[in-house]
Amino acid sequence: MILKKIALSSALILGASLSSISGVAADKIRIATEGAWAPFNFIDSAGKPQGFDVDIAWALCEKMQAKCEIVTQDWDGLIPGLKVRKFDAIIASMSITEERLKVVDFTNKYYSGGLRFLGKTKDAFDTNNLKGKVIGAQRSTIAAQYLEDNFADTAKLKFYDTQDNVYLDLQAGRLDIVLSDELPTYNWLKSSGNGDKFSFKGEAFKKDDNIGIAVRKGDKLKEKFNTALAEILADGTYQEINAKYFPFSIY
Amino acid sequence: MDFSVVIEYFPKLLEGAWVSVQLIFLSVLLGGIFALPIALARTSKNPFVNGLPFLYIFFFRGTPLLVQIFLVYYGASQFEVVRESVFWPILREPFWCAIIAFTLNTSAYTAEIFRGAIQAIPVGEVEACKTLGMTKVQMYRRILLPRAFGIVLPAYGNEIILMLKGSALASTITILDLTGMARTIIARTYTPIEIFLTAGVIYLAISMLVIAIFKQIEKRQNSYLGPIGSIKVPDKG
């Protein structure tokens, strides 16, 4: 008898919670970020995603008057996750590339970056000739792709799951030189206490690297994001967020 | 589903599979060699002898393999002392770091399997050895270890297959094993389903090979037990 009651009530609770989950999921926009790309997206000490991407995401949601939820997902699972509807948009400093445009749609850019080499301050490099060098980058990034396209035959390439691990192996001396986006590396040099031991090598290139919000192909969310993006650029919200992280405009 | 990418990248995946096979072969071989003394020490009744192996097994069975790999690869390299030591040329290479982590891990599991097998030998057989006047070394060499080897085979084959699957974690420290290669291909093609499916099939094929090899060894080693499932009735004298 008691057992029956327990079974019945737990079934009721389960049913209620299931229906509430599906009810919420319908009108909530789920935005994914990586959480390992400071200062654009990172996890704070309370376990919450923070950073430029996250601030932009909340600002856009406010303008769209939408309920949002920000979830974190490993970098190379972001596009696969979007495709299978684990979330509805990716705001994770993702560059708009031809390859990615084949599988997802992108909004207009919300900032632009560039690639730049990083190495030990005492080492000199000719960044056009890196023959025999060990070069590191995060897997599935435009930096990794650039290395594969240009140095696959002459240098030894190593790819990592996160940018943090790239820095760790540079410090450990397993890497001679690193290629990554200039802005996060700028932040790392400033905030990690490694600013004197490591420095940029050569000038930034691929400055036309536009960062956009990825959505599923044909999703109307794209236009909504674009409208909201234009609004936060016009009313100064964007500039405020920008100033929080960089003393210069990154748009 | 677009299976043209599978055809295009299949040679690359096989390249990765070869690295996986090397990782497993070396770590299982080394792990097996280390496991034997650990298991023998573990079966000792002297707490000074069995204490250390107990802790060793407790640590490596009780922590995730991923944590162990990261400790060896990223952890050790944080120390200047390690980077300047004679071991650095080895610890520098992700391949050897993976071998070290896998060997430590699998030797702990294998030692437990060996210990179980040694203790599973019927007391009567041990007593028979003693009655015949064998020394301890003779007893282990002639009877206990060969017997334990036969008992150990099914569980040990299982451990190798677990190791095969665990070896996918090598991809987290930049090794282009089967999983690492698959992930690198997917980074370019964005076809996770096709490539991971293919990688899965290759893993299955390697497992099948391991199972087949073990079946053969088991057949030879345990042939005195007769065909599996048969019950021996002693002849009437």
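Domain bounds here come from an automatic or database domain assignment. The model shown in these views is predicted.

**View 1. Chain A divides into two domains.** Domain 1 of chain A takes residues 27–112 + 209–245. Domain 2 takes residues 113–208. The C-alpha centres of domain 1 and domain 2 of chain A lie 25 Å apart. Their contact draws 15 residues from domain 1 and 16 residues from domain 2. On the side of domain 1 that touches domain 2, strand S2 (36–37), strand S7 (104–120) and S11 of chain A each supply at least two residues. S11(A) gives the most, with 3 residues. By class, this side of domain 1 holds 8 nonpolar, 4 polar and 3 charged residues.

**View 2. Chain A has an open sheet of 8 strands.** Chain A as a whole has 9 helices and 11 strands. The strand order in this sheet is S5-S1-S6-S11-S7-S10-S8-S9, and the pairing is mixed. Strand S5 (67–72) and strand S9 (156–160) of chain A are the edges, and each pairs on one side only. Neighbouring strands are turned by 25° against each other on average, direction ignored. Helix H6 (residues 163–172) of chain A packs on the sheet. Helix H6 touches strand S8 (134–138), S9, strand S10 (177–181) and strand S11 (198–216) of chain A. The direction of H6 makes about 155° with that of S8(A).

**View 3. Strands S1 and S6 of chain A run parallel.** Strand S1 covers residues 28–33 of chain A, and strand S6 covers residues 89–95. Between them there are 2 bridges. A:Ala32 stands opposite A:Ile90 in S6(A).

**View 4. Helix H2 of chain A spans residues 52–64.** This helix has 13 residues. From its first C-alpha to its last, H2(A) reaches 18 Å, close to the 18 Å expected at 1.5 Å a residue. The buried residues of H2(A) are A:Phe52, A:Asp53, A:Val54, A:Asp55, A:Ile56, A:Ala57 and A:Leu60. An α-helix has 3.6 residues a turn, so residues three or four places apart point the same way. Just after H2(A), A:Gln65 takes a positive phi of about 50°. Across chain A, 37% of the 251 residues count as buried.

**View 5. Chain B has 10 helices and 0 strands.** Its C-alpha atoms fill a box of roughly 75 × 50 × 25 Å, taken along the principal axes. Of the 237 residues of chain B, 33% are buried. Among contacts in chain B with a separation of 6 or more, 78% involve residues 24 or more positions apart. In chain A, 73% of the contacts between residues at least 6 apart in sequence join residues at least 24 apart.

**View 6. B:Phe54 sits in helix H2 of chain B.** Helix H2 of chain B covers residues 47–62. Is B:Phe54 buried or partly exposed? B:Phe54 counts as partly exposed because it has 14 C-beta neighbours inside 10 Å, whereas a buried residue needs 20 or more. B:Phe54 and B:Ile33 are 21 residues apart in sequence. In space they are 17 Å apart, C-alpha to C-alpha.

**View 7. Chain B touches chain A.** The contact takes 17 residues from chain A and 13 residues from chain B. Helix H9 (residues 178–189) of chain B gives the most to the chain B side, with 4 residues. That side of chain B has 5 nonpolar, 5 polar and 3 charged residues.

Technical notes: Residues numbered from 1 in each chain as written. Chains lettered and ligands numbered in written order. Predicted model: local features only at pLDDT ≥ 70, side-chain atom pairs only at ≥ 80, totals over all residues. Contact = placed C-beta atoms within 7 Å. Nonpolar A, V, L, I, M, F, W, Y, C, P; charged D, E, K, R; others polar. Buried ≥ 20, exposed ≤ 12 C-beta atoms within 10 Å, placed from the backbone. Expected span 1.5 Å × (residues − 1). Pairing = 2+ DSSP bridges. Axes fitted to C-alpha atoms, helices over the stretch in contact; angles between N-to-C directions.
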